[in-house]
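Hi,

Here is the structure I promised to pass on. Have a look at it first, and then read my notes below.

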Amino acid sequence: MVIGYFIKTMIPHYPLFINGEFKETSKKQDVINPSTGEVIATVSIAEAGEIDYAIKSARDAIDCGPWRNFTLAERKDFILKISQGILDRAAELASLESLNAGKPIKETTFMDIPSAAATFDYFANNLEKYLAKENVEINSSIASAQSNLVREPQGVVVLIVPWNYPLLIASWKLAQALAAGNAIILKPSSLTPLSVLELAKIIKEAGLPAGAVNIINASGDTMGEALCSDSRVDMISFTGSNAVGRKILEYTSKNVKKVTMELGGKSAAIVLKDADLESAVNGLLCAIFLNQGQMCTAMSRILVEESIYDDFVNDFVAKAKRIKLGPALNFETQMGPLMSEAQRKKVLEYVGKGKTEGGRLLCGGGIPQQEEFKKGFFFEPTVFGDASPKMKIFKEEIFGPVACISKFSSIEEAAALANDCVFGLAASVWSKDGSKAKNLAKVINAGTVWVNTYGMFFNELPYGGFKQSGFGKELGKEGLLEYTRLKNIVTDKTEGSKPLVNYWYGF
Ligand code: NAD
């Protein structure tokens, strides 16, 4: 059991995973428990030599290793073993994820870990269907031909993931990239590498050929460019902030390659006067305070129709005050700590800006003062009323437990407010009138719009943002196909095998 393991005085150490082996490095780094600020593990850190070795291993796996010749059925078997390996160790992984990322254990137990296993299971069971080759017959007045459209892996794919859903987002990317047959280099956030390094053990036990999956911790600042600009890498799949996304686009422009970007958000919830108020309040509490608000799709802008504004705000604030803060490993905890001191400082600064810009602070806004919260990076659930589009707290991604509530008087105004944003990741509409809600959903500039709910992600459905929230999809058939390249093999079928082009010069 991981908990028992950590109670021991010896702090565990996690090496890198390259070419099918665990590899030590000279550079190490501490990993912190955000609930207590204490060191819980050390990890190896890759420098230039290890980055080069990981790229070479992945390249060899895809160019000349056994992995490239695996049948789809063999790929499926390996991916199913990974899914089962996660389920076999679900409780242990949930504890580890909570310990490292500060996510309440109820969330990691019921969401993160089972969802990670389910994603491997889904893509294993659907890869043959989604990757099936297509045959197209062409019969024009000039020529007849048959085309085989073949889905090939991109090649060497670098997966870069953030700290807010460490195992889950890594599993989304890994499951799809493996199902498509790529060789992979996965880089977790250096704040939250532990669950992914445990996953490396599961991958090794599943018996994947050496180099098919490599997992490296590395500082993005110093090693990101070497990893992303290398000409031996065919694709980068990135999830993280807009600022780092832009840097990666610069690196990859040096050697043109496929890139997908899942970036930040400032999602809007629109609550119409005919909404089920209790359901909307409860759903939106979850939509902004789950995972301490550290969600790319957090509904941080809540737009409420004027006539129900006061009722909504009163209920929302009363319930926000009742959310139970505590250490992530406690099953009673509803809100854990923020990820780091730096993240808490950023949230605190935004609250300060909100106050000076005229936002009405309705609850929270600070660091809880009780003794039990002294060591960790805790922050109170915070609600601003009368937020306006001019305020920074309303425009910029805070990535913390800060809800900004604003009112509107017409549906047109609500849509304009929702769309007045550089991001376009997600939105939600709350109304009992299905057609009104769907019409509003159509005009909202966001990749996902939830109606009367929040955060429903399905392995079957593509997910991804518009505008500054990025491009490309994760999950669903469209997500899997991002990790493939489409080859068109065209065979002449002209009667007598004498197409016009072969006789163009009359010879
Ligand atoms: P981040 O951009 O700081 O880091 C993300 C990853 O990039 C980490 O692994 C980090 O080490 C790496 N990195 C940092 N600098 C790099 C560089 N120069 N080159 C290459 N890699 C580099 O993001 P974060 O703070 O870990 O996560 C929070 C952000 O992620 C928020 O903006 C959030 O909205 C976004 N996010 C988006 C989605 C989505 O699906 N759209 C999901 C989760 C999080």
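When I say "domain" here, the bounds come from an automatic or database domain assignment. With those bounds, the shell around the ligand takes at least three residues from domain 1 (15-263 + 469-488) and at least three from domain 2 (268-451). Keep in mind that this is a predicted model.

**The ligand site**

There are 27 residues around the ligand, and the ones that come nearest are Val 161, Lys 187, Ser 241, Leu 263 and Glu 397. Sorted by class, the shell has 15 nonpolar residues, eight polar ones and four charged ones.

As for secondary structure, α8 (220-229), β11 (235-239) and α9 (242-252) each put at least two residues into the shell. The biggest giver is α9, with four residues.

- Ser 241: a side-chain N or O atom sits 2.6 Å from an oxygen atom of the ligand.
- Trp 163: a polar atom of the side chain is 2.9 Å from a ligand oxygen atom.

On its own the ligand would expose 850 Å², and the protein buries 90% of that.

**Ser 431**

Where is Ser 431? You'll find Ser 431 in the loop between β19 (426-430) and α15 (434-443). Ser 431 counts as buried because its relative accessibility is 2%, and the cut-off for buried is under 20%. The side chain of Ser 431 makes a polar contact of 2.8 Å with the side chain of Asp 274. Setting aside neighbours within four places in sequence, Ser 431 is in contact with Leu 272, Asp 274, Ala 275, Ala 437 and Asn 452.

Asp 386 is not a glycine, yet has a positive phi of about 50 degrees. Asp 386 lies in the loop between β16 (382-385) and α13 (392-395). With a relative accessibility of 36%, Asp 386 falls between the 20% and 50% limits, so it counts as partly exposed.

Lys 467 also isn't a glycine, and has a positive phi of about 50 degrees. Lys 467 belongs to strand β21 (residues 466-467). Its relative accessible area is 38%, so Lys 467 is partly exposed.

That's what I have so far.

Cheers

Notes
Residues numbered from 1 in each chain as written. Predicted model: local features only at pLDDT ≥ 70, side-chain atom pairs only at ≥ 80, totals over all residues. Heavy atoms only, no water. Near = heavy atom within 4 Å. Polar contact = N/O pair within 3.5 Å; in protein donor to acceptor, adjacent residues only side chain to side chain. Areas by Shrake-Rupley, 256 points an atom, 1.4 Å probe, with all protein chains shown as cover. Nonpolar A, V, L, I, M, F, W, Y, C, P; charged D, E, K, R; others polar. Buried < 20%, exposed > 50% of the residue type's maximum accessible area, 1.4 Å probe, protein only. Contact = heavy atoms within 4.5 Å.
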